[in-house]
Amino acid sequence: MFKRVAIFSGNANPALAQEICQVLDYPLGRSKVSRFSDGETFCVIEENVRGVDCYVVQPTCSPVNDNVMELLIMVDALRRASAGSITAVIPYYGYARQDRKVAPRTPITSKLVADLIVAAGVNRIVALDLHAGQIQGFFNIPFDHLFAMPALLDQHLREQYSRDVVIVSPDAGGVERARAYSKRLGGTLAIIDKRREKANVSEVMNIIGDVAGKRCLILDDLIDTAGTLVNAANALMNAGAVEVAACATHAVLSGPAIERISESPLTEVVVSNSIPLQEEAKAAGKFRVVSVARLLAEAIRRIHHSDSVSSLFV
């Protein structure tokens, strides 16, 4: 199907990379990422990539620092092997929440990571559902920002939540995303008004919108400790909702997240495979995983053939 192209994967999510290759009917590139006894990361590209357009599939999820270094070292290895171009396919961009100074003398780590990726030799970025869209501006190279909405809608949400559903944004910042989903599902919109006292701790204050007697679907870009999500679910049930489910692109699920979700009134949590779902989460029985492999594979195909990628943005 392709000429002079190679797709590689780090250790963060090899299953997604393999699925992308299956969609494209193209073999996964041969590479090996390992570690020395002191923890240093080492990478070797086990095939000729001189003049080849290379795509590295690597979400920078937990362990974030290890996966960021894997990406940087793989890119450096490809650059030094005279790859024709290097595109980093980052389904989940770690450090995305550190996109601005929230207090004096604090870093903007999202920009720092962007600088590291560009310095390593990446020519183009493909990312999925950034926590903040302005992160694209941290890169002085082409950046394709895709959304998981088409995959989530087509593979699950339209079938299960297309009748009398209220799409709920867990905060004011997610209203635009929630409105887009409610329009496509033919539902109504509600907003959770919350106040965050400190990082990873949130308190639900008020619900804007009618949820009494309705099925509710809480929509967010990621689920980290699930404090916001569970508080929102409890508030919606207390306000008279008959059922509450959730949908998010990235299942970060750190700390007590899985336990909180298991004990919550949430009927199901729909997530993508941008991050591999933890075994504990699979055992919980509340998670439904939707694949974004076809979406990312189509982006790679269009980039390689110099076709428009804009239709994939929505």
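The structure is a predicted model, in which local features need pLDDT of at least 70, side-chain atom pairs count only at pLDDT 80 or more, and totals for chains, interfaces and linings use all residues. Residues are numbered from 1 along each chain as its sequence is written, and side-chain values use heavy atoms, with hydrogens and water left out.

**Overall build**

- The chain contains nine helices and 14 strands, where helices (H or I, at least four residues) and strands (E, at least two) are DSSP runs numbered from the N terminus.
- With a radius of gyration of 20 Å, close to the 20 Å that the globule rule gives for 314 residues, the chain is as compact as a globular protein of that length; the radius is taken over C-alpha atoms, and the rule is 2.2 Å times the number of residues to the power 0.38.
- Along the principal axes, the C-alpha atoms fill a box of roughly 60 × 45 × 35 Å.
- Of the 314 residues, 52% are buried, a term that means under 20% relative accessible area, whereas exposed means over 50% and partly exposed lies in between (1.4 Å probe, protein chains only).
- Among contacts with a separation of 6 or more, 63% join residues 24 or more positions apart, a contact being heavy atoms within 4.5 Å.

**Helices H4 and H5**

- Helix H4 (residues 149-160) has Met149, Ala151, Leu152, Leu153, His156 and Leu157 as its buried residues, and these pack against H5, strand S11 (215-223), strand S12 (243-251), strand S13 (269-272) and strand S14 (287-290).
- In helix H5 (residues 175-185), the buried residues include Val175, Ala178 and Tyr181, and the helix is followed by Gly186, whose phi is positive, near 70°.

**Cysteines**

- The whole structure contains zero disulfides, a disulfide being counted as a pair of cysteine sulfur atoms within 2.5 Å.
- Cys21 is buried at a relative accessible area of 1%, and its sulfur lies 12 Å from the closest cysteine sulfur, in Cys54, which is too far for a bond.
- Cys216 is likewise buried, with a relative accessible area of 1%, and the closest cysteine sulfur, in Cys247, is 14 Å from its own, again too far for a bond.

**Loop residues**

- Ala172, in the loop between strand S8 (165-169) and H5, counts as exposed at 64% relative accessibility, yet it touches Ile191 and Ile192 when residues up to four places away in sequence are not counted.
- Ser264, in the loop between helix H7 (257-262) and S13, counts as buried at 9% relative accessibility, and beyond its neighbours within four places in sequence it is in contact with Val230 and Lys286.

**Backbone features**

- Most residues other than glycine have a negative phi, and most peptide bonds are trans.
- The peptide bond from Ser62 to Pro63 is cis, with omega near -5°, and Pro63 is placed in the loop between strand S4 (53-57) and helix H2 (64-80).
- Arg105 is not a glycine but has a positive phi of about 60°; this residue lies in the loop between strand S5 (85-90) and helix H3 (109-120) and is exposed, at 78% relative accessibility.
- Ala226, also a residue other than glycine, has a positive phi near 70°; it is found in the loop between S11 and helix H6 (227-238) and is buried, with a relative accessible area of 5%.
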